[in-house]
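Hi,

Here's the structure I promised to pass along.

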Amino acid sequence: GVNAAFDVLLICNVNVYELGHRLLFRKNPPDLGEIVQMGLLKRLGLMSLGGLLMLYARWRIMGTGPPAFTEVDNPASFEENVFTRIVNYNYYYSLNAWLLLCPWWLCFDWSMGCVPLIKSATDWRVVWLLLLWCVLIGLISQALCSPDIQRRRTLTLGLVLLVVPFLPACNIFFRVGFVVAERVLYLSSAGYCLLLAYSLGHCCYRWIKYKKLTCIMLLALLCMYVVRCALRSHQWRSEQSLFSSALSVCPLNAKVHYNVGKNLADRGNTSAAVKYYREAVRLHPNYVHAMNNLGNILKEKNELIEAEQLLSKAVAVQPDFAAAWMNLGIVQNSLRKFEAAEQSYWNAIHYRKKYPDCYYNLGRLYADQNRHVDALNAWRNATMLKPDHSLAWNNMVILLDNTGNQDQAELIGREALKLLPNDHTIMFSLANVLGKLQKYKESESFFLHALQINPNAASCHGNLAVLYHRWGKLELAKKHYELSLKLEPEAPGTRDNYNMLRRKLDQLKHSMP
């Protein structure tokens with residue numbers, strides 16, 4: 001559209017006013033030969049063909065159907081009252097125009113109640129859309145009816161650059177998934193800049209005695225844009241500053257509070273994250289992702305009853321929310337509601353067929369119930385779906401070891417290390433199995449390799465000491481017992497084993513001649 005307008009106005013040098021006047025009043029209308037001579041038909045044909053090809057390609061990419069949006073994405077488009085819908089669309093246009101003129105209110109997301117709907121003619125915000133159309137009608141009339149040819153061409157091109165790139169985002173042809181999106185103004189800003197520069201230049205020329213004042217206003221406007229650009233660029237340097245900056249612009253936007261909370265939780269500040277997640281749920285009571293994340297944090301804080309309530313509500317609002325079903329199962333398992341937990345896990349797997357983490361947690365549930373075969377099958381499913389699922393592999397080795405199946409545990413451990421050769425937890429578990437099978441040399445090798453990867457693992461030092469103790473390498477056992485106690489002084493059993501070893505060393509020392 002922009003290219004077509006540029007070709008028509010500047011390349012073909014078409015006088016839109018004159019052409020429109022001749023067509024409208026049928027005074028000497030242009031014939032086909034004249035249009036061809038201007039090159040207009042050829043250029044418009046090529047532009048139309050190119051546009052149709054691009055639209056077809058886009059349609060194929062979208063899956064030959066429009067994307068699905070929800071009411072929280074674009075509330076006005078779901079209004080049944082046509083008048084209310086039109087008024088709010090026009091208010092959105094005025095907001096976009098204001099962001100071009102004064103880009104101070106910038107936010108990464110404008111959905112979820114950020115812009116309350118206008119539902120009454122007495123709402124003071126109606127003034128802004130009336131003002132917008134007054135300005136647009138004034139510009140259009142000048143672009144079409146001004147006796148100055150250069151002014152008509154400049155204003156027409158400026159309006160085309162301003163309006164045409166914005167048309168796909170204006171909700172006229174189809175519903176869009178946002179209220180305001182700053183990205184759709186990138187091309188429109190070229191038209192705005194052209195109109196602003198021309199208007200200021202015209203003012204300087206028309207009112208020469210106010211030239212100094214106009215220059216001061218232009219300089220102030222330019223300084224504002226530069227300062228705002230610098231501030232916004234700084235805010236985009238990190239998620240924390242970007243999300244936090246939106247709190248003052250859209251305090252009613254639940255997604256803003258959700259993103260601030262998620263960023264805090266990702267950085268380990270779960271206590272502060274809870275406050276923002278709660279505010280997100282308060283602003284939007286059916287915000288399932290906020291409920292899911294808040295439920296997870298409360299689960300970690302052992303506030304299991306409230307966590308169960310939140311996650312139950314989340315799956316009630318969105319029954320196909322697989323992650324919430326899995327998290328609900330984890331909470332129910334902790335509350336020892338085993339049947340409900342199992343059903344929640346299977347619901348999660350029903351809605352997400354390939355869900356290795358859910359199979360892993362299902363295996364833990366079965367292990368807690370001593371359903372060892374079911375647990376092994378669940379963990380095997382997890383490793384089939386995700387071959388590098390370290391926890392599932394490790395739990396299989398531990399369960400087989402604890403149930404006396406050391407030979408099978410060794411096979412599983414070696415299979416796991418082929419896929420995860422540097423996983424120190426699997427090395428540790430396999431080393432324990434090999435120690436029980438009296439394969440001391442191999443066991444020692446895996447313990448030492450695990451310690452190379454994670455030298456501060458107290459349990460690894462402690463179990464290696466036990467291995468040396470059994471093997472008869474008492475000095476090495478003493479060394480690793482001491483290292484284990486240094487890293488974890490309250491390690492269960494390690495202190496007793498160390499004291500037993502010291503008594504044995506003392507006995508050997510006294511028995512020597």
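Gly329 sits in helix α15, which covers residues 322-334. In this predicted model, Gly329 is buried, and its relative accessible area comes out at 0%. What does Gly329 touch, once residues up to four places away in sequence are set aside? The answer is Ala341, Ser344 and Tyr345.

Ser443 is another one to click on. You'll find Ser443 in helix α22, residues 440-453, and Ser443 is buried with a relative accessible area of 0%. Apart from neighbours within four places in sequence, Ser443 has contacts with Ala431, Leu434, Gly435 and Leu467.

Now the cysteines. Searching the whole structure gives one disulfide, and the pair is Cys114 and Cys250, with the sulfur atoms 1.7 Å apart. Cys114 is in the loop between α5 and α6 (126-145), while Cys250 is in the loop between α10 (239-249) and α11 (254-266), so the bond ties together parts that are 136 residues apart in sequence. Are these two cysteines buried or exposed? Both Cys114 and Cys250 are buried. Cys102 is buried too, at a relative accessible area of 17%; buried here means under 20%, so Cys102 still falls into that class. Cys358 is buried with a value of 0%.

On the surface, there's a nonpolar patch made up of Trp98, Leu101, Trp104, Trp105, Val227 and Leu231, and together these residues have about 570 Å² of accessible area. Which helices supply at least two residues each to the patch? They are α5 (82-101) and α9 (211-235). Leu101, one of the patch residues, belongs to helix α5. Leu101 is partly exposed, with a relative accessible area of 38%.

Lastly, a word on confidence. The mean pLDDT of the protein chain is 86, and 85% of the residues reach 70 or more. The stretch to watch is residues 31-38, where pLDDT stays under 50. For that stretch the model has eight contacts beyond four places in sequence.

Cheers

Key. Residues are numbered from 1 along each chain as its sequence is written. This is a predicted model: local features need pLDDT of at least 70, side-chain atom pairs count only at pLDDT 80 or more; totals for chains, interfaces and linings use all residues. Side-chain values use heavy atoms; hydrogens and water are left out. Patches are made of residues with over 30% relative accessible area and no salt bridge: like charges are joined within 9 Å, nonpolar side chains (Val, Leu, Ile, Met, Phe, Trp, Tyr) within 5 Å. Accessible areas come from the Shrake-Rupley method with a 1.4 Å probe; for residues, only the protein chains shown count as cover. A salt bridge is a side-chain nitrogen of Lys or Arg within 4 Å of a carboxyl oxygen of Asp or Glu. Helices (H or I, at least four residues) and strands (E, at least two) are DSSP runs, numbered from the N terminus. Buried means under 20% relative accessible area, exposed over 50%, partly exposed in between (1.4 Å probe, protein chains only). pLDDT is the predictor's confidence in each residue, from 0 to 100. Contact means heavy atoms within 4.5 Å. A disulfide is a pair of cysteine sulfur atoms within 2.5 Å.
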